[in-house]
Amino acid sequence: MNILVVSDVHANLVALEAVLADAGSVDALWNIGDTVGYGPRPCECLDVMIDREANPALVGNHDLACLGRLNLAEFNPVARAAAEWTAVRLSPEHRAYLSDLPPLTTAHGYTLAHGSPRAPIWEYVTSASLATANFPHFDTDVCLIGHTHVAMYAELSPHRAAADVRPFQDGETLDLSSARFLVNPGSVGQPRDRDPRAAYAILDTERRAITAHRVEYDIRATQLQMAQAGLPEVLIQRLAYGT
Ligand code: ZN
């Protein structure tokens with residue numbers, strides 16, 4: 001089974017459509033969360049997840065904030081402004097859909113967590129030490145994570161005490177049968193690894209392999225939608241730099 005794995009779409013429909021086109025025919029869509037927040041097309045991105053029957057689909061911290069289920073005081077001012085903008089645009093159906101999603105689950109022998117397996121809403125796995133500390137918190141060999149918007153993987157080889165963390169680069173394929181892994185496909189809608197292209201991964205469950213992909217999208221189109229929506233300028237600008 002070939003599975004398209006996306007995370008942190010953040011209401012960037014232009015980027016999401018570029019990813020869907022680039023990935024082509026797949027057997028399933030898995031979504032690691034933060035489908036909304038920051039970007040200009042929250043309802044349309046949720047409709048893609050509903051129509052394409054993304055399963056598993058997770059809820060992320062921004063999704064919860066837009067539902068009013070996280071304290072917005074924990075957010076920086078621009079993230080809060082975008083969450084408030086999003087909250088009033090979600091239909092009851094979109095709210096119900098998001099409300100039913102977990103932040104952590106397992107499927108086909110893989111764990112999925114928005115942030116991390118030990119703290120799925122909030123923890124950012126940004127270092128080897130944080131990755132190493134998370135391996136005892138899931139039972140499968142592989143855990144797919146998002147939240148940092150940085151495509152990366154942590155590899156814990158047999159008989160090693162500490163994980164190695166590396167960028168997960170465009171076109172790179174990991175053999176998931178050789179070790180335990182935490183894998184972050186990066187962000188579709190707001191990459192922060194200084195590569196502004198949309199990020200995603202393809203998981204091949206038969207080969208037990210996962211491949212990183214980047215695809216260019218019309219960043220200007222999303223920026224224009226954001227400007228027309230009155231979303232914060234800093235959020236508009238960062239898309240061009242991948243920061
Ligand atoms: Zn996010």
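Within strand S9, Phe181 is the bridge partner of Glu155. Strands here are DSSP runs of E of at least two residues, numbered from the N terminus. The model is predicted, with local features requiring pLDDT of at least 70 and side-chain atom pairs counted only at pLDDT 80 or more, whereas totals for chains, interfaces and linings use all residues. Residues are numbered from 1 along each chain as its sequence is written, and side-chain values use heavy atoms, with hydrogens and water left out.

Phe181 of S9 is also the bridge partner of Val142. Two strands are taken to pair if DSSP finds at least two bridges between them. Strand S6 (residues 152-156) pairs with S9 in the antiparallel sense through five bridges, while strand S5 (residues 142-145) runs parallel to S9 and is joined to S9 by three bridges. Because four of the five residues of S9 (residues 180-184) are buried, this strand is largely enclosed by the rest of the structure; buried denotes under 20% relative accessible area, computed with a 1.4 Å probe on protein chains only.

These pairings belong to an open sheet of six strands with mixed pairing, in the order S3-S4-S5-S9-S6-S7. Strands S3 (104-107) and S7 (164-167) form the edges, each pairing on one side only. From one strand to the next, the twist averages 20°, where axes are lines fitted to C-alpha atoms and angles run from 0 to 180 degrees between N-to-C directions.

Note on methods. Buried means under 20% relative accessible area, exposed over 50%, partly exposed in between (1.4 Å probe, protein chains only).
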